[in-house]
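Open the model in your viewer and keep the selection tool at hand. The stops below go residue by residue.

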Amino acid sequence: MAALGIGTLVLLLFLVHYGEAIMCHRCLSAFGGCGDDVVWRMYPWRDCGDSFCVKVVERIPGEEPRYLRECENVLLQSTRHRLRMPVLRRHGYCVPARKDDPYNPNDQTDSRFTYCFCNDWNGCNSAKSLRISWPLTFGLGTLAAFVLSRLL
């Protein structure tokens with residue numbers, strides 16, 4: 001009987017996971033509500049894992065700035081952003097994009113694009129929490145209750 005209780009306790013301990021996640025806004029300024037300020041009700045936070053939240057600002061003369069908010073790991077899947085994204089990525093940095101111009105190697109940055117990185121506050125927050133697999137816990141609890149009812 002005691003072995004069953006200890007076994008159930010050990011199984012429940014394996015169901016508790018330590019998780020780290022950064023929750024970021026993911027939107028494009030063409031959608032509205034995603035300009036310099038984000039309407040957070042329209043764009044709820046999304047899980048970005050352990051990467052940075054990135055805000056890309058594109059400034060074209062004579063036009064309004066364009067904003068893109070996305071997870072770093074998603075932007076790195078795009079060749080356009082992977083080639084432009086600055087090498088130095090730290091919390092709170094806003095730096096111009098890289099420019100790889102073979103005809104002008106002295107021109108290193110493209111000031112039309114600015115990449116801002118964050119991983120620390122709401123909208124760019126890190127969440128350290130314990131997560132429990134509820135369906136598995138419920139199933140094991142039901143199984144334990146069934147076994148205990150048969151034994152008693």
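**Stop 1: S51 and its surroundings**

Select S51: leaving aside residues up to four places away in sequence, S51 touches I22, C71, E72 and N73. This is a predicted model. S51 sits in the loop between β3 (46-47) and β4 (53-58). Its relative accessibility is 8%, so S51 counts as buried.

**Stop 2: C48 and C71**

Stay with C48. C48 and C71 form a disulfide, with sulfur atoms 1.6 Å apart. The torsion about the S-S bond is about -50°, so this disulfide is left-handed. C48 lies in the loop between β3 and β4 and C71 in strand β5 (residues 66-71), so the pair ties together parts that are 23 residues apart in sequence. Both cysteines, C48 and C71, are buried.

**Stop 3: further disulfides**

How many disulfides does the structure hold? There are 4. Select C24 and C53, whose sulfur atoms are 1.7 Å apart in a disulfide. C24 is in strand β1 (residues 16-24) and C53 in strand β4, so the link ties together parts 29 residues apart in sequence. C24 and C53 are buried.

Next, select C27 and C34, joined by a disulfide at 2.0 Å, S to S. This link of C27 and C34 is right-handed, with 70° about the S-S bond.

**Stop 4: a surface patch**

Finish with L148, L151 and L152, which make a nonpolar surface patch of about 330 Å². L152 lies in the segment after α4 (134-151). At 79% relative accessibility, L152 counts as exposed.

Definitions and conventions. Residues are numbered from 1 along each chain as its sequence is written. This is a predicted model: local features need pLDDT of at least 70, side-chain atom pairs count only at pLDDT 80 or more; totals for chains, interfaces and linings use all residues. Side-chain values use heavy atoms; hydrogens and water are left out. Helices (H or I, at least four residues) and strands (E, at least two) are DSSP runs, numbered from the N terminus. Buried means under 20% relative accessible area, exposed over 50%, partly exposed in between (1.4 Å probe, protein chains only). Contact means heavy atoms within 4.5 Å. Patches are made of residues with over 30% relative accessible area and no salt bridge: like charges are joined within 9 Å, nonpolar side chains (Val, Leu, Ile, Met, Phe, Trp, Tyr) within 5 Å. Accessible areas come from the Shrake-Rupley method with a 1.4 Å probe; for residues, only the protein chains shown count as cover. A salt bridge is a side-chain nitrogen of Lys or Arg within 4 Å of a carboxyl oxygen of Asp or Glu. A disulfide is a pair of cysteine sulfur atoms within 2.5 Å.
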